[in-house]
Amino acid sequence: MTIRTRIGRGRTAAALAVVTTLALTATACGDDGSGAGGDRGSEGSGKGEITFWDNNTAVRHDIWQEIIKDFEKANPGIEVKYVGVPAESVQSKYDTAIQGGGLPDVGGVGAAMLAGIAAQDALEPLDDRVTRGPLNDKLNKNMVESVRAAGGGKQLFTVPTSASNGVLYYRTDLFREAGLDAPTTWPKFYEAAERLTDEGNNRFGYTIRGGEGSIAQALDAMYGQSGIGSFWDGDKTTVNKPENVKALEKYAALYKKATPAADLNNDFTKMNAQWDNGRIGMLSHNLGSYADHVKALGEDKFRGIPSPVVKEGVRVQVSNPVDGLGLFKAGKNKKAAWKFMEFAASHKANSKWNESAGAIPANTDAARDPWVNRAEPTRLAAKALNDGSLKIVQLPYHLPDWNTISKADNEPEFQKVLLGKTSARAFLDDLAEELNEAQAEWREQKG
Amino acid sequence: MRGVPRWQIYAPLGLYLLFTLIPFYWILLFALRPSGSTSLVPWPVTFEHFDKVWTERSFATFFQNSLLVGLASMVMTTLVALAGGYALARFDFRIKRGFMLALLCSQFIPGALMLVPLFEIFAELQLINSLGSVVIAETVFQLPLSMILLSGFIRNVPYALEEAAWVDGCGRFRAFCAVVLPMLRPGLIAVGSFAFVHSWNHFLFALMFLSDQGKQTIPVGLATLMGADSVDLGALAAGGVVAAVPVVIVFAFIQKWLVTGFSAGAVKG
């Protein structure tokens, strides 16, 4: 049935309806946020409201509320608006705000995403502000260098707040029952993985990360065994050196021999939940999950130690992203925002935050606080960092493509290695080629 | 189904039900058992996780916001789709085929692709950080499918009924309200509930357009419970239950009309 009458009137009515709808919705309250990536912002009066985006709100929400309360009490006239952003989506939220506007004044920026944000010219260089203020010489030098390198090597774009080092968690009760030594060396690690496995009774020696985030963990195990202490040899990566290939072959061979088959899709959530709720001997993760393990298992049933040593006194670990706070260029009240950053990185607040997170404080005074020695994994990680036995292999966070290379491009490839569909050598050769190209491109852009 | 033993019907259905319900049981288990418990039954029952998400993690506010977004999107989508569906069903115009094709093609555009342009438009309209932005975006993205569905329903209503109402002195609008609208109930319920559930569950627009803790919605709230290194599974499960309840209720009440609605709308394009 077709009708051509009244169409003109219908069109007018439709146009009116659209205009009315838009007008009505436009009257809804809202603000346009602050500027986009290219905006220069301003220093402001040092008073008023600032917005802070927390990049890992899940378990940090409460401690940030406390710190903000302390800050507002110490700085009357400045109000901090806290926005918790899901850790998984924080990169895309920043990217959208850089393009479209609405960036915060201060934001949590981990080293892994720093290169991408700094490359978009969204962050204020902080070297001068740090050296002129109370944070001068109060920040852990390794962490400062780590975030400086991640930001391109020249300028400091974030104030580091914490590092969450890699930890090998193991079940002391299961080790005792099996008469095994603590997995402090790689041979002991492999022996325990094998002897604690009893597939028929759903008991496994180790849980491997085969899903999201698998590459960093595989690289950690690989460099940890090979003892190669640097990611780069000149401008060529060392990932596919024969020692690394051999190490990865051995590590990947654990899959299904000493690990559950479901590990193929393990992200950290599944891996940790599996370890907390089952009878699995060992788990590689970082300090961030310590509190969850305590909650699930109690303090007596497990320990968290640094990665096994290559040989007596030599331990190699890949860098875990250093977390930090960035000051956004587009902010309209940078003076107040910087005051908040200084406060958050100060001895008391940084100590409080890291104690709650179970991480290593970036503030050197906070790192000497008594609580650091009370939590064993934090104490051992801090000791390993400071006693000269640990070589840190800096992952190439400075490459804007690193996230793509280490996630979308190569996580499925690593799953093929676990399944035996591709060899460790082929996987590492392809990874090396991609990394070398990205490094060359970065050099070229850097000039 | 005479002659078929009952067990041949109930056994596969039971298995399917078990397969579907186990994940829900798992969520309830984590939500109701105390932290650190490894028991496979939620005993002793604790509501600490619900208390935590509802009060400490502002799920009461997120729930309210999601409800507002869901209901507003539902009303706007249904109203506009009704008008558009009527036009598609009853009028003939030059670009009708192209328009229908464009509606269908728009379904292939992922929301993420439109994020930055939408963000800029909403910023211009001063709508960033307003629930209005999410309602508009949700409505716009759900309109094509809803219009196509409703146009199918309207086509199934005999045009002669409308004409009879005109003869009796009704205008087009009154005839539509008095004659066509009552016959569209299954379609309206299908489209409305679909719009509500979609908006209720949608994460991306709420995450990107709302940067105020007090304006976030349930899906964003749930995502904020998952940290980079640590997850409070009890709280996450309790949040999941809170998020699932309205959807379960909606489906429990409307499932009869929903099935009728989708099958009726699918008869004729």
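**View 1. Overall architecture of chain B.**
Chain B of the predicted model contains 12 helices and 0 strands. Read from the N terminus, the elements of chain B follow the order α-α-α-α-α-α-α-α-α-α-α-α. The C-alpha trace of chain B extends over about 70 × 65 × 35 Å along its principal axes.

**View 2. The two domains of chain B.**
Domain 1 of chain B covers residues 1–46, and domain 2 of chain B covers residues 59–265. Taken over C-alpha atoms, the centres of domain 1 and domain 2 of chain B are 31 Å apart. Contact between the two involves 5 residues of domain 1 of chain B and 6 residues of domain 2 of chain B. On the side of domain 1 of chain B that touches domain 2 of chain B, 4 residues are nonpolar, 1 is polar and no residue is charged.

**View 3. A cis peptide bond in chain B.**
B:Trp43 and B:Pro44 are joined by a cis peptide bond, with omega near -5°. The loop between helix 1 (6–32) and helix 2 (48–56) of chain B holds B:Pro44.

**View 4. Packing of helix 3 against helix 6 in chain B.**
Helix 3 of chain B comprises residues 59–90 and helix 6 of chain B comprises residues 131–156; the two pack at an angle of about 40°, and their axes lie 6 Å apart. The crossing of these two helices of chain B is right-handed. Sorted by class, the residues in the contact of helix 3 with helix 6 of chain B are 17 nonpolar, 9 polar and 3 charged.

**View 5. The face of chain B that touches chain A.**
In the predicted model, 40 residues of chain B contact 44 residues of chain A. On the chain B side, the elements that contribute two or more residues are helix 3, helix 5 (115–124), helix 6, helix 10 (204–209) and helix 11 (218–223) of chain B. The most residues come from helix 5 of chain B, which provides 5. By class, the side of chain B that touches chain A has 21 nonpolar, 12 polar and 7 charged residues.

**View 6. The pairing of helix 2 with helix 14 in chain A.**
Helix 2 (residues 57–74) and helix 14 (residues 347–357) of chain A have axes that come within 10 Å and cross at roughly 165°. Because of this angle, helix 2 of chain A is roughly antiparallel to helix 14 of chain A. The crossing of helix 2 and helix 14 of chain A is right-handed. Helix 2 of chain A contributes A:Arg60, A:Ile63, A:Glu66, A:Ile67 and A:Asp70 to the contact, while helix 14 of chain A contributes A:Ala349, A:Lys352, A:Trp353, A:Ser356 and A:Ala357. The residues of this contact between helix 2 and helix 14 of chain A comprise 5 nonpolar, 1 polar and 4 charged.

**View 7. A positive phi angle in chain A.**
A:Lys256 is not a glycine, yet has a positive phi of about 70°. A:Lys256 lies in the loop between helix 10 (242–252) and helix 11 (268–277) of chain A.

**View 8. Prediction confidence in chain A.**
The average pLDDT of chain A is 89, and 91% of the residues score at least 70. Over residues 1–8 of chain A the pLDDT stays under 50, and the model has 8 contacts beyond four places in sequence for this stretch. Residues 14–34 of chain A also have a pLDDT below 50; this stretch has 32 contacts in the model beyond near neighbours in sequence.

How values were computed
Residues numbered from 1 in each chain as written. Chains lettered and ligands numbered in written order. Predicted model: local features only at pLDDT ≥ 70, side-chain atom pairs only at ≥ 80, totals over all residues. Axes fitted to C-alpha atoms, helices over the stretch in contact; angles between N-to-C directions. Helix = DSSP H or I, 4+ residues; strand = E, 2+ residues; numbered from the N terminus. Left-handed = near helix turned anticlockwise from the far one by under 90°. Nonpolar A, V, L, I, M, F, W, Y, C, P; charged D, E, K, R; others polar. Parallel < 35°, antiparallel > 145°, perpendicular 65-115°, else oblique. Contact = placed C-beta atoms within 7 Å. Domains from an automatic or database assignment. pLDDT = per-residue confidence, 0-100.
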